[in-house]
Amino acid sequence: MPLLVEPALPAGSLGAHEQPHLPVRPGLTLRAWREDDAPSVRAAFDCPSIQRWHVRRLDSDDEARAWAAQWADRWRDETAASWAIVDHDDRPVGQVGLRGVLLSEASAQVSYWVLPAARGRGIAAEALAVLTRWSFTRAGLHRLALEHSTANAASCRVAARVGFTEEGVARGSVRHVDGWHDMHLHALLATDPLSSG
Ligand SMILES: CC(C)(COP(=O)(O)OP(=O)(O)OC[C@H]1O[C@@H](n2cnc3c(N)ncnc32)[C@H](O)[C@@H]1OP(=O)(O)O)[C@@H](O)C(=O)NCCC(=O)NCCS
């Protein structure tokens with residue numbers, strides 16, 4: 001059946017281009033993942049506070065390499081994207097990315113984590129602000145959604161610092177290892193004011 005509304009963005013809007021390097025500030029950059037990032041990926045997935053808010057675990061170096069390698073395909077498929085947040089030595093200190101990319105609606109959900117040793121310096125908000133700006137001004141997205149458990153106060157602060165507006169609570173919508181969590185919903189539109197994080 002023909003569509004009544006044309007897709008907001010054409011196929012190829014992301015995948016026809018190289019995944020960009022995005023500078024955050026001196027000593028902090030967003031870049032594509034590489035297989036040799038596997039030790040940092042393992043450290044992240046082994047971190048109890050990251051496990052608390054995510055739904056997958058990694059059991060081997062092979063799985064960590066596969067996790068890093070999958071993003072090239074997902075970028076080309078235009079379904080998701082992930083950037084390593086790297087320090088001045090090009091070592092990953094965190095992750096920021098887009099999930100559930102829908103070019104037809106020009107929308108995606110954002111995702112982030114920071115390795116424990118790099119926390120406490122506002123890195124997630126800075127990285128998210130840069131990704132958000134790129135998503136709206138370069139990728140042409142219209143809406144970014146952000147959701148976190150109502151028990152995850154740090155994530156809520158990240159959302160607020162970047163200017164994501166609160167949109168409500170989806171009750172019992174995500175299951176973590178300790179059971180169902182209410183999810184606090186935020187979103188930012190391309191037309192909303194963006195903070196620098
Ligand atoms: C959420 C996360 C990415 C933030 O990392 P970060 O950028 O280093 O954040 P910071 O430690 O600088 O803290 C950011 C803000 O949260 C606050 N915060 C940090 N830990 C907190 C806690 N346990 N309870 C309440 N507030 C907290 C900080 O005080 C700061 O607030 P401010 O903006 O008012 O100054 C990191 O804690 C993390 O990786 N957590 C586990 C994974 C996760 O929660 N991912 C998001 C899933 S939705």
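How much space lies in the largest pocket? About 1300 Å³. A pocket here is an open set of points on a 1 Å grid over the protein atoms alone, with protein on both sides within 12 Å along at least five of seven lines. Its volume is the space filled by probe spheres set on the points, which are joined across faces, edges and corners.

This is a predicted model, where local features need pLDDT of at least 70, side-chain atom pairs count only at pLDDT 80 or more, and totals for chains, interfaces and linings use all residues. Residues are numbered from 1 along each chain as its sequence is written, and side-chain values use heavy atoms, without hydrogens and water.

Stay with the pocket. Lining residues have an atom within 4 Å of a point. There are 44 of them, and Trp53, His54, Ser111, Tyr112 and Trp113 are the closest to the centre. Strand E5 gives the largest share, six residues. Strands (E, at least two residues) and helices (H or I, at least four) are DSSP runs, numbered from the N terminus.

Now turn to strand E3, residues 81-86. Six of its six residues are buried, meaning under 20% relative accessible area with a 1.4 Å probe, protein chains only. Ala81, Trp83 and Ile85 are on one side, with Ser82, Ala84 and Val86 on the other.

E3 has partners. Strands pair if DSSP finds at least two bridges between them. E2 runs antiparallel to E3, joined by four bridges. E4 also pairs with E3 in the antiparallel sense, over six bridges. Val86 stands opposite Thr29 and also opposite Pro92 in E4. Five residues lie between E3 and E4 in their hairpin, where Asp90 takes a positive phi near 65°.

Technical notes
Buried means under 20% relative accessible area, exposed over 50%, partly exposed in between (1.4 Å probe, protein chains only). On a 1 Å grid over the protein atoms alone, a cavity is a set of points where a 1.4 Å probe fits but cannot get out, and a pocket is an open set with protein on both sides within 12 Å along at least five of seven lines; lining residues have an atom within 4 Å of a point.
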